[in-house]
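Student: I would like to learn how to read side-chain and backbone features in a model. Can we work through one together?

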Amino acid sequence: MFRVGVLLFTLFGGVITAHAAPLSFHLADSSYVLLRWQMIGKSDYHARITGLRGSIVVDPQHDVADYLKVDMPIAQLDAHHRVLTWALKSAQFFDQAQYPNVTFTSSRIVDMGDGRYRVLGTLKIKQITRPVMLYGKRSDDSRLLSSGGYLRLSGNITLSRQAFGMGQYPALVADPINIDIVLVATTP
């Protein structure tokens, strides 16, 4: 069974509830995902995925209409080492040639009160789609500005790479993988 840790996903903090219409946001270029893992039991390694694409919809009147979708292009993965970057993009791991994106799509975002949220959805890596339940907490730095919308979401999730068909080299590469997420979204 694949493990999902806690996602401290600072969701919808400071969204003005007086608006009746849903608010749409698009991810900004400063959004990224950081993968962290251990190799050979000691050394910490990381890779960053930039160029994220996606959208967020916040409907203050109907939380069942809240929506989050993020596409993470594997072509933008950088492990800060040429050989390691190549290996992660290869068929052994993400298989960029056949599966160019990792995708998270929410099915429901639930306000649990006191600035806490539960995000239900699916994560698709390669041909494998798994349900995930993420927990979040609102942060004070998320806000809507009168001149335009700005939303900052961040968090952490832990998942098993074996659950997504990437369990190769278990003696060398640790399982699970830690993932830090930073999404910056603005209104169009």
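Student: Is Trp 37 buried or exposed?

Tutor: First, the ground rules. This is a predicted model, in which local features need pLDDT of at least 70, side-chain atom pairs count only at pLDDT 80 or more, and totals for chains, interfaces and linings use all residues. Residues are numbered from 1 along each chain as its sequence is written, and side-chain values use heavy atoms, leaving out hydrogens and water. Buried means under 20% relative accessible area, exposed over 50%, and partly exposed in between (1.4 Å probe, protein chains only). Trp 37 has 7%, so it is buried.

Student: How is a pair of aromatic rings described?

Tutor: By the distance of the centres and the angle of the planes. Rings of Phe, Tyr and Trp (its six-membered ring) pair if their centres lie within 6.5 Å; planes under 30 degrees apart are stacked, over 60 edge-to-face, the rest tilted. A search of the whole structure finds one aromatic pair. Trp 37 and Tyr 45 have ring centres 6.4 Å apart and planes at 15 degrees, so they are stacked. Tyr 45 is partly exposed, at 33%.

Student: Which residues have a positive phi without being glycine?

Tutor: Asp 95 has phi near 55 degrees, and Lys 126 has about 55 degrees. Asp 95 is in the loop between α1 (82-89) and β7 (101-113); helices (H or I, at least four residues) and strands (E, at least two) are DSSP runs, numbered from the N terminus. Asp 95 is buried at 12%. Lys 126 is buried at 11%.

Student: Which peptide bond is cis?

Tutor: The one from Asp 175 to Pro 176, with omega near 20 degrees. Pro 176 lies in the loop between β11 (148-159) and β12 (177-186).
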